Amino acid sequence: MNKEVSARTHSDDGVVDRFVDHLLLAGKLDNEGAERARRVASQSQMSLTKILLELGLVPERDLIAEFEEGLGIPLAKPEDFPLEPVLPEAVTERFLKEHATILLGADAQSVTVATADPLDRFTVAALALSTNRRVIVKAALSSEIELALRRLFAESDATAGDPAGNTPPPEAT
């Protein structure tokens, strides 16, 4: 079983300092915000991405754009998103929606994903375990991922209440 997670998941402890320093140099974060983010990161299990967004320190669009330059995490574009679900037998729609993640493609050794939180170690580790593949992470806006997931799973959303998969009849008025 290959449960290796790509080095691009940035599971080392220095990622917080490296990325905060990058955001400071890029002018996306001020000194006060940097200290707040570091303090919260040292006292919680939350990912740096969630910390920066929940504290309102960096807008999501700016944050996602900085992942590539600051940490070498490539950006996924909407045209990279699949037309059909990738590995639906291994990863549930619910998991993908809850973690703002979409599988872009897979081969026998790896799966490439786009996520709104590329620093979330849990999501990457869970994907490696459920797919039995190395996970290659790309960053993407949560709104783009949400739109793509809605498109991919539109049929299952319409039949979600019926275990047989039947579309409910229209309501009588």
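Biologist: Let's start with one residue. Is Gln109 buried or exposed?
Modeller: Gln109 is exposed, because its relative accessible area is 54%. Buried means under 20% relative accessible area, exposed over 50%, and partly exposed in between, with a 1.4 Å probe and protein chains only.

Biologist: Where is Gln109 in the fold?
Modeller: Gln109 is in the loop between strand E1 (101-106) and strand E2 (110-115). Strands (E, at least two residues) and helices (H or I, at least four) are DSSP runs, numbered from the N terminus. The C-alpha atoms of Gln109 and Asn132 are 8.1 Å apart, and 23 residues separate the two along the chain.

Biologist: Where do these numbers come from?
Modeller: This is a predicted model: local features need pLDDT of at least 70, side-chain atom pairs count only at pLDDT 80 or more, and totals for chains, interfaces and linings use all residues. Residues are numbered from 1 along each chain as its sequence is written, and side-chain values use heavy atoms, leaving out hydrogens and water.

Biologist: What pLDDT does the protein average?
Modeller: The average is 86, and 82% of the residues score at least 70. pLDDT is the predictor's confidence in each residue, from 0 to 100. Residues 1-11 are below 50, yet this stretch has 32 contacts in the model beyond near neighbours in sequence. Residues 161-166 are also below 50, with two such contacts. Contact means heavy atoms within 4.5 Å.

Biologist: New topic. How many helices and strands are there?
Modeller: Eight helices and three strands. From the N terminus, the order is α-α-α-α-α-β-β-α-β-α-α. Of the 173 residues, 40% count as buried.

Biologist: Show me a helix. Which residues of H2 are buried?
Modeller: Gly33, Ala34, Ala37, Arg38 and Ala41. Seen down the axis of H2, the buried residues fall within an arc of 135°, so they line one face of the helix. That arc is taken from the directions from the helix axis to the C-beta atoms.

Biologist: What do they pack against?
Modeller: The buried residues of H2 pack against helix H1 (15-25) and helix H3 (48-54).

Biologist: And which exposed residues sit on the face turned away?
Modeller: Asn31, Glu32, Ser42 and Gln43.

Biologist: What caps the N-terminal end of H2?
Modeller: Asp30 does, with a side-chain oxygen 3.3 Å from the backbone nitrogen of Glu32.

Technical notes. Polar contact = N/O pair within 3.5 Å; in protein donor to acceptor, adjacent residues only side chain to side chain.
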